[in-house]
Structures are given as C-alpha cells and as structure tokens.
Amino acid sequence: MPAAFQLYRKSQTFFGDDGQEIPGGYLSFFEAGTSTPKHVYANKSMGDGTDNGVTVALDASSRPSLAIWGSGAYDVKIYDADDVQVGEDLQIEIPGGEATALLALDPDKFLTNDGAVMSWADTAQVPDPTGH
C-alpha cells in the first residue's frame with residue numbers, strides 16, 4: 001500500500017478564494033489532474049472502517065470534523081454551503097513524493113534501495129565461524 005499522509009488537520013480552517021470562511025461547506029477529493037473521485041480516510045492506517053468517502057463536510061467554524069488522510073496525489077475542490085466552488089488545492093501529495101516516505105518496519109529484513117526507491121530485503125547472514 002502506498003504511504004499515507006495527512007492532507008488536512010481537524011484544526012484547519014478553510015476559506016474561499018474571497019478570503020471568507022465557508023461554514024457548512026465541504027471538500028471534494030479527486031485523483032490529481034483528473035475528475036475521478038478519490039477516497040480519503042480518518043486515520044493513518046486507512047482501513048478498519050475509516051473510509052470517509054470522497055467528500056468531507058465542514059462545520060460551523062469552517063473546519064473538517066475529522067483529520068483527513070490519504071495516499072498518492074489529490075486535487076481538492078472547496079465548496080460553500082450552497083454547492084458553489086469557492087476554491088481548490090491542486091497536486092496535494094507527500095512532500096518529495098512517495099519515494100521519500102519510509103516504509104513500515106520489518107524485524108526480519110533490512111532496508112535497502114536501488115538508488116531511487118527504498119525496499120525491504122531478506123536478511124542473509126553468514127554463520128559465525130567461532131560459534132558465537
């Protein structure tokens with residue numbers, strides 16, 4: 001699974017392009033550069049019933065009711081309570097791209113790379129000739 005990252009915190013306040021807060025508005029999420037909806041999640045594990053769908057409502061303070069996590073790259077359209085698009089964030093992704101994210105630890109392997117992408121490889125150890 002691609003590395004997860006937090007797109008927005010629960011404490012982030014959203015504003016339209018005119019600088020006004022947008023209470024009761026919502027965010028819609030898409031695959032970057034397309035009009036294909038893309039799911040976001042309530043936590044880093046991106047599983048176990050945490051799928052938030054492709055839209056997240058904003059509360060009366062113009063904040064999302066939960067943290068917003070995802071993976072890959074997103075385009076986000078910002079709407080007011082009247083379903084009018086009032087802003088957008090394009091190409092939101094892990095700074096530096098997916099290749100810069102550390103992989104989950106694996107106690108039986110070692111971290112290596114091919115000069116561009118990190119991966120876990122099997123540990124191959126030579127027996128200690130002294131028996132230690």
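How many bridges pair E7 and E8, and in which sense? The two strands pair in the antiparallel sense over five bridges, where pairing requires that DSSP find at least two bridges between two strands. The structure is a predicted model, in which local features need pLDDT of at least 70 and side-chain atom pairs count only at pLDDT 80 or more, whereas totals for chains, interfaces and linings use all residues. Residues are numbered from 1 along each chain as its sequence is written, and side-chain values use heavy atoms, with hydrogens and water left out.

The protein contains 10 strands and zero helices; both kinds of element are DSSP runs numbered from the N terminus, with at least four residues for helices (H or I) and at least two for strands (E). Along the sequence the pattern is accordingly β-β-β-β-β-β-β-β-β-β. The mean pLDDT, the predictor's confidence in each residue on a scale from 0 to 100, is 83 for the protein, and 83% of the residues reach 70 or more. Confidence is highest in E2, at a mean of 95, and lowest in strand E10 (residues 118–122), at 75. Where pLDDT is low, predicted coordinates should not be read in detail.

Of the 132 residues, 31% count as buried, a class defined by a relative accessible area under 20%, with exposed meaning over 50% and partly exposed the range in between (1.4 Å probe, protein chains only). The protein exposes about 8200 Å², of which carbon and sulfur atoms supply 52%; accessible areas come from the Shrake-Rupley method with a 1.4 Å probe, and for residues only the protein chains shown count as cover. Among contacts (heavy atoms within 4.5 Å) with a separation of 6 or more, 58% involve residues 24 or more positions apart.

An open sheet of four strands is arranged in the order E5-E2-E7-E8, with antiparallel pairing. E5 and strand E8 (85–92) stand at the edges with a single partner strand each, so one side of each is left without a neighbour in the sheet. Neighbouring strands of this sheet are turned by 20° against each other on average, direction ignored; the axes are lines fitted to C-alpha atoms, for helices over the stretch in contact, and angles run from 0 to 180 degrees between N-to-C directions. E2 and E5 run antiparallel and are joined by three bridges. Ser28, in strand E2 (residues 26–31), stands opposite Thr55 in E5. Ser28 counts as buried because its relative accessibility is 7%. Not counting residues up to four places away in sequence, Ser28 touches Val54, Thr55, Asp75, Val76, Lys77 and Tyr79. One of these, Lys77, has Glu88 in E8 as its bridge partner.

The largest nonpolar core comprises 17 residues, and those with the most contacts inside it are Leu7, Tyr8, Leu27, Phe29, Ile68, Tyr74 and Val76. Such a core is a set of buried Ala, Val, Leu, Ile, Met, Phe, Trp, Tyr and Cys residues joined through side-chain atoms within 4.5 Å. The elements giving two or more residues to this core are strand E1 (4–8), E2, strand E7 (74–79) and E8. Ile68 is in contact with Phe5, Gln6, Leu7, Tyr8, Leu27, Phe29, Val40, Tyr41 and Val56, leaving aside its neighbours within four places in sequence.

Backbone geometry was also examined. Most residues other than glycine have a negative phi. In the hairpin of E7 and E8, with five residues between the strands, Asp83 takes a positive phi near 65°. Ser62 also has a positive phi, near 65°, and lies in the loop between strand E5 (55–57) and strand E6 (68–71). With a relative accessibility of 0%, Ser62 counts as buried. Beyond its neighbours within four places in sequence, Ser62 is in contact with Gln12, Thr13, Phe14, Glu21, Ile22 and Pro23. For Gln91, in strand E8, phi is positive and near 55°. Gln91 counts as partly exposed because its relative accessibility is 44%.

Asp108 is located in the loop between E8 and strand E9 (109–113). At 58% relative accessibility, Asp108 counts as exposed. The C-alpha atoms of Asp108 and Thr123 are separated by 6.6 Å, although the two residues are 15 residues apart along the chain.
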